[in-house]
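Here is a quick tour of a fold, meant to be read with the model open beside it.

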Amino acid sequence: MSILKVVRLGHPVLRKVAQIVPPDQISSSETQRLIDNMVETMKEYDGVGLAAVQVHESRQIAILEVGDNPRYPQKPQIPLSILINPKITPLSEAMEDDWEGCLSINEMRGIVPRYKNIRVLAQDRDGKQLDFVVSGFHARVIQHEWDHLQGKVFLDRMRDLSTLTYLQEYTRYYAEE
Ligand code: NI
């Protein structure tokens, strides 16, 4: 396995809608290797999620996991999930605000409104159909990664840029104890 280079804001691949992964390509060794490398890369950089577009691959693959993460120490744990061709549907209009960061937008945080409860349809890395409901932080991470696959970043979802904050100032003035 290898650690991949993560693209930063400004790279055009971040602004393209990613390609659907055809079902018969999910099991290919090339797709499986990409997923393994994405997992390795996310762990290396202490991310809670990573979209394939962030490692130069314009394909509808997103991964997420929250363990004991130094970047998000107060957050609930999420098991490692591989979401291929994900679709999300809000279950209500209810939204909530929280801080987000992104491995492609180094050292910054901002407050982003997200739907509280969503239904997720996707395939897993074995091509099995997933259909589940999540809420809160878990729903937030999936919406953030889904956005990447549509060519969006969290800055596009902020109500305005008044809460955009460098990580050092975030830690000083806003971080939870
Ligand atoms: Ni991101």
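Which residues have the most contacts inside the largest nonpolar core? They are Ile-35, Met-38, Leu-50, Ile-61, Ile-63, Ile-82 and Ile-84, in a core of 16 residues. A nonpolar core here is a set of buried Ala, Val, Leu, Ile, Met, Phe, Trp, Tyr and Cys residues joined through side-chain atoms within 4.5 Å.

Some ground rules before the details. This is a predicted model, where local features need pLDDT of at least 70 and side-chain atom pairs count only at pLDDT 80 or more, while totals for chains, interfaces and linings use all residues. Residues are numbered from 1 along each chain as its sequence is written, and side-chain values use heavy atoms, with hydrogens and water left out.

- Helix 1, strand 2 and strand 3 are the elements that give two or more residues to the 16-residue core. (Helices are DSSP runs of H or I with at least four residues, strands are runs of E with at least two, and both are numbered from the N terminus.)
- Helix 1 supplies the largest share of this core, with five residues.
- Ile-63 touches Met-38, Val-39, Met-42, Val-48, Gly-49, Leu-50, Ser-81, Ile-82 and Glu-145, leaving aside residues up to four places away in sequence. (Contact means heavy atoms within 4.5 Å.)
- Another core, of 15 residues, lies apart from the largest one, and Val-48, Ala-122, Phe-137 and Ala-139 are among its members.
- As background, nonpolar side chains tend to be buried together in soluble globular proteins.

- Five strands make an open antiparallel sheet in the order 1-2-3-6-7. (Two strands pair if DSSP finds at least two bridges between them.)
- Strand 1 (49–51) and strand 7 sit at the edges with a single partner strand each, so one side of each has no neighbour in the sheet.
- On average, neighbouring strands in this sheet are turned by 40° against each other, direction ignored. (Axes are lines fitted to C-alpha atoms, for helices over the stretch in contact, and angles run from 0 to 180 degrees between N-to-C directions.)
- Strand 1 pairs with strand 2 in the antiparallel sense over three bridges, and Gly-49 stands opposite Leu-64 in strand 2.
- Helix 1 lies across strand 1, strand 2 and strand 3 (78–90), at about 35° to strand 2.
- Helix 2 also packs on this sheet, touching strand 1, strand 2, strand 3, strand 6 and strand 7, and its direction makes about 70° with that of strand 3.
- Strand 6 and strand 7 run antiparallel and are joined by seven bridges, with Leu-121 opposite Asp-131 in strand 7.
- The hairpin of strand 6 and strand 7 has five residues between the strands, and Gly-127 takes a positive phi near 85° there.

- Strand 4 and strand 5 (residues 105–115) run antiparallel and share seven bridges, and Asp-98 has Val-112 in strand 5 as its bridge partner.

**Charged pairs**

- The whole structure holds 11 salt bridges. (A salt bridge is a side-chain nitrogen of Lys or Arg within 4 Å of a carboxyl oxygen of Asp or Glu.)
- Glu-65 pairs with Lys-43, with the closest N and O atoms 2.7 Å apart. This links strand 2 (residues 61–66) to helix 1 (residues 29–44), the two residues being 22 residues apart.
- Arg-114 and Glu-100 form a salt bridge at 2.8 Å between the closest N and O atoms, linking strand 5 to strand 4.
- Both partners of that pair are buried, with Arg-114 at 3% relative accessibility and Glu-100 at 4%. (Buried means under 20% relative accessible area, exposed over 50%, partly exposed in between, with a 1.4 Å probe and protein chains only.)
- Asp-131 meets Arg-119 in a salt bridge of 2.6 Å, N to O. Asp-131 lies in strand 7 (residues 129–135) and Arg-119 in strand 6 (residues 117–123), so the pair ties together parts 12 residues apart in sequence.
- Asp-131 is partly exposed at 46%, and Arg-119 is partly exposed at 35%.
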